[in-house]
Amino acid sequence: MNKYKKLVFGLLLDALGLVSFIIPGIGEFSDIIWAPISGWLMTKLYKGKAGKVAGVISLIEEGLPGFDVIPTFTLMWFYTYVFKKETIENKA
């Protein structure tokens, strides 16, 4: 998957995580199901140690009430393709 498709997919997954705010009462229950799925998806989208750490962060972020507003997939995309890339280029 190219990096821009990964960005769009990440934005969709972040939006899906916000669905729990739309449905009062049911929303927090849906996080019990969505949290491990989002963690697993994160590890599949981003390989290696960074993907595993992001998967744990995503699991915790989605599992805790009120933290769904954090766009974890989008932040990981920026970390991988913008910030990490700049760090590697600056070291060269």
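Helices (H or I, at least four residues) and strands (E, at least two) are DSSP runs, numbered from the N terminus. The views below show a predicted model, in which local features need pLDDT of at least 70 and side-chain atom pairs count only at pLDDT 80 or more, while totals for chains, interfaces and linings use all residues. Residues are numbered from 1 along each chain as its sequence is written, and side-chain values use heavy atoms, with hydrogens and water left out.

**View 1. Overall architecture of the chain.** The secondary structure comprises four helices and zero strands, in the order α-α-α-α along the sequence. The C-alpha trace spans about 50 × 20 × 20 Å along its principal axes. Of the 92 residues, 32% count as buried; buried means under 20% relative accessible area, exposed over 50%, and partly exposed in between (1.4 Å probe, protein chains only). Among contacts (heavy atoms within 4.5 Å) with a separation of 6 or more, 63% join residues 24 or more positions apart.

View 2. Helix α1 covers residues 3-22, and its 20 residues should span 28 Å at 1.5 Å a residue; the end C-alpha atoms are 29 Å apart, which agrees. The expected span is 1.5 Å times one less than the number of residues. The buried residues of α1 are K6, L7, G10, L13, D14, G17 and S20. An α-helix has 3.6 residues a turn, so residues three or four places apart point the same way.

**View 3. The largest nonpolar core.** This core has 11 residues in all: L7, L13, W34, L41, M42, L45, Y46, A54, F73, M76 and W77. Helices α1, α2 and α4 (72-91) are the elements that each give two or more residues to it, and α2 provides the largest share, four residues. A nonpolar core is a set of buried Ala, Val, Leu, Ile, Met, Phe, Trp, Tyr and Cys residues joined through side-chain atoms within 4.5 Å. In soluble globular proteins, nonpolar side chains tend to be buried together.

View 4. L13 belongs to helix α1 and counts as buried because its relative accessibility is 7%. Leaving aside neighbours within four places in sequence, L13 is in contact with W34, L41, L45 and F73. The C-alpha atoms of L13 and T74 are 8.9 Å apart, although 61 residues separate them along the chain.

**View 5. W77 and its surroundings.** W77 is part of helix α4 and is buried, with a relative accessible area of 6%. Not counting residues up to four places away in sequence, W77 touches K3, Y4, K6, L7, Y46 and V82. Its side chain reaches the backbone oxygen of K3 at 2.6 Å. K6 lies 71 residues from W77 along the chain, and the C-alpha atoms of the two are separated by 7.6 Å.

View 6. D31 lies in helix α2 (residues 27-45), and E62 in helix α3 (residues 48-63). D31 is buried without a salt bridge, and the nearest side chain of opposite charge, K44, is 22 Å away. E62 is likewise buried without a salt bridge; for E62, the nearest side chain of opposite charge is K6, 18 Å away. A salt bridge is a side-chain nitrogen of Lys or Arg within 4 Å of a carboxyl oxygen of Asp or Glu; Lys and Arg count as positive and Asp and Glu as negative, whereas His and the chain ends are not counted. Not counting residues up to four places away in sequence, D31 touches S20, P36, E62 and D68. With the same exclusion, E62 touches G17, D31, W34, A35, S38 and D68.

**View 7. G66 in the loop between α3 and α4.** G66 is placed in this loop and counts as partly exposed because its relative accessibility is 42%. Apart from residues up to four places away in sequence, G66 touches F21 and E28. The C-alpha atoms of G66 and S20, 46 residues apart along the chain, are separated by 9.6 Å.

Definitions and conventions: Polar contact = N/O pair within 3.5 Å; in protein donor to acceptor, adjacent residues only side chain to side chain.
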